[in-house]
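This briefing goes through one structure by topic. Please keep the sequence and the 3D view at hand while reading.

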Amino acid sequence: MAKVKLKLFGLLRIDSGIKELELEASTVRELYPLLLKELRRRDPKCSLEEKDLRACVVAVNDRRVKPGARLSPGDVVCLLPPVAGG
């Protein structure tokens with residue numbers, strides 16, 4: 001397990017009210033349920049689901065990675081939700 005800094009952007013940040021937090025996980029994918037648990041702890045009515053997190057672009061230390069990417073202590077993980085317009 002690695003202690004990492006997780007940063008949220010876009011609608012994730014707006015909907016959750018969280019800019020960043022520290023969590024412990026071995027892979028990016030392991031962060032999703034931990035983040036949802038924290039979001040629901042802060043706001044039981046939070047409507048975000050794991051599918052919303054899986055739709056995000058993930059960057060670790062400013063490099064785009066897949067959800068199975070292994071994490072190291074001190075990594076900075078950014079979740080960037082898709083943007084829609086029209």
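**Leu6 and the nonpolar core**

Setting aside residues up to four places away in sequence, Leu6 touches Lys19, Glu20, Leu21, Leu23, Leu31, Leu35, Val77 and Leu79. The model is predicted. Leu6 is also among the residues with the most contacts inside the largest nonpolar core, which has 25 residues. The points below cover that core, the sheet and a few individual residues.

**Core**

- Besides Leu6, the residues with the most contacts inside the largest nonpolar core are Leu31, Leu35, Leu71, Val77 and Leu79.
- Two or more residues of this core come from each of S1, S2, H2, S3 and S5.
- The element that gives the most is H2, with six residues.

**Sheet layout**

- The sheet is open and is built from five strands in the order S2-S1-S5-S3-S4, with mixed pairing.
- Strand S2 (20-25) and strand S4 (63-65) are at the edges and have a single partner strand each, so one side of each lacks a neighbour in the sheet.
- From one strand to the next, the twist averages 35 degrees.
- Helix H2 (residues 28-42) packs on the sheet and touches strand S1 (2-8), S2, S3, S4 and strand S5 (76-80).
- The direction of H2 makes about 125 degrees with that of S2.

**Strand pairing**

- S1 and S2 are paired in the antiparallel sense through six bridges. Ala2 has Ala25 in S2 as its bridge partner.
- S3 and S5 are also antiparallel, and four bridges join them. Here Ala59 stands opposite Cys78 in S5.
- Strand S3 (residues 57-60) and S4 run antiparallel and are joined by three bridges. Val58 stands opposite Val65 in S4.

- Side chains alternate along S2: Leu21, Leu23 and Ala25 point to one face and are buried.
- Leu23 lies in strand S2. Its relative accessible area is 13%, and Leu23 counts as buried because this is under the 20% cut-off.
- Apart from its neighbours within four places in sequence, Leu23 is in contact with Ala2, Lys3, Val4, Leu6, Leu31, Leu34 and Leu35. Among these, Leu6, Leu31 and Leu35 are named with the most contacts inside the largest nonpolar core.
- Leu23 and Arg63 are 40 residues apart in sequence, and their C-alpha atoms are 19 Å apart in space.

**S3-S4 turn**

- S3 and S4 form a hairpin with two residues between them.
- Asn61 is placed in the loop between S3 and S4. Its phi is positive, about 55 degrees, although Asn61 is not a glycine.
- Asp62 is in the loop between S3 and S4. The phi of Asp62 is near 70 degrees, again a positive value in a residue other than glycine.
- Asn61 is partly exposed, with a relative accessible area of 40%. Asp62 has a relative accessible area of 74% and is exposed, because that value is over 50%.

**Loops on either side of H2**

- Thr27 lies in the loop between S2 and H2. With a relative accessibility of 10%, Thr27 counts as buried.
- Leaving out residues up to four places away in sequence, Thr27 touches Pro67, Gly68, Ala69, Arg70 and Leu71. Of these contacts, Leu71 is one of the residues with the most contacts inside the largest nonpolar core.
- Asp43 lies in the loop between H2 and helix H3 (50-54). Asp43 counts as partly exposed, at 35% relative accessibility.
- Asp43 and Leu8 are 35 residues apart in sequence and 16 Å apart in space, C-alpha to C-alpha.

**Aromatic rings**

- How many aromatic pairs does the structure hold? The count is zero.
- The ring of Phe9 has the charged end of Arg13 over it, 5.1 Å from the ring centre.

How values were computed. Residues numbered from 1 in each chain as written. Predicted model: local features only at pLDDT ≥ 70, side-chain atom pairs only at ≥ 80, totals over all residues. Heavy atoms only, no water. Pairing = 2+ DSSP bridges. Axes fitted to C-alpha atoms, helices over the stretch in contact; angles between N-to-C directions. Contact = heavy atoms within 4.5 Å. Phe/Tyr/Trp six-rings, centres within 6.5 Å; stacked < 30°, edge-to-face > 60°. Lys NZ or Arg CZ within 6 Å of the ring centre and 35° of its normal. Core = buried A, V, L, I, M, F, W, Y, C linked by side-chain atoms within 4.5 Å. Buried < 20%, exposed > 50% of the residue type's maximum accessible area, 1.4 Å probe, protein only.
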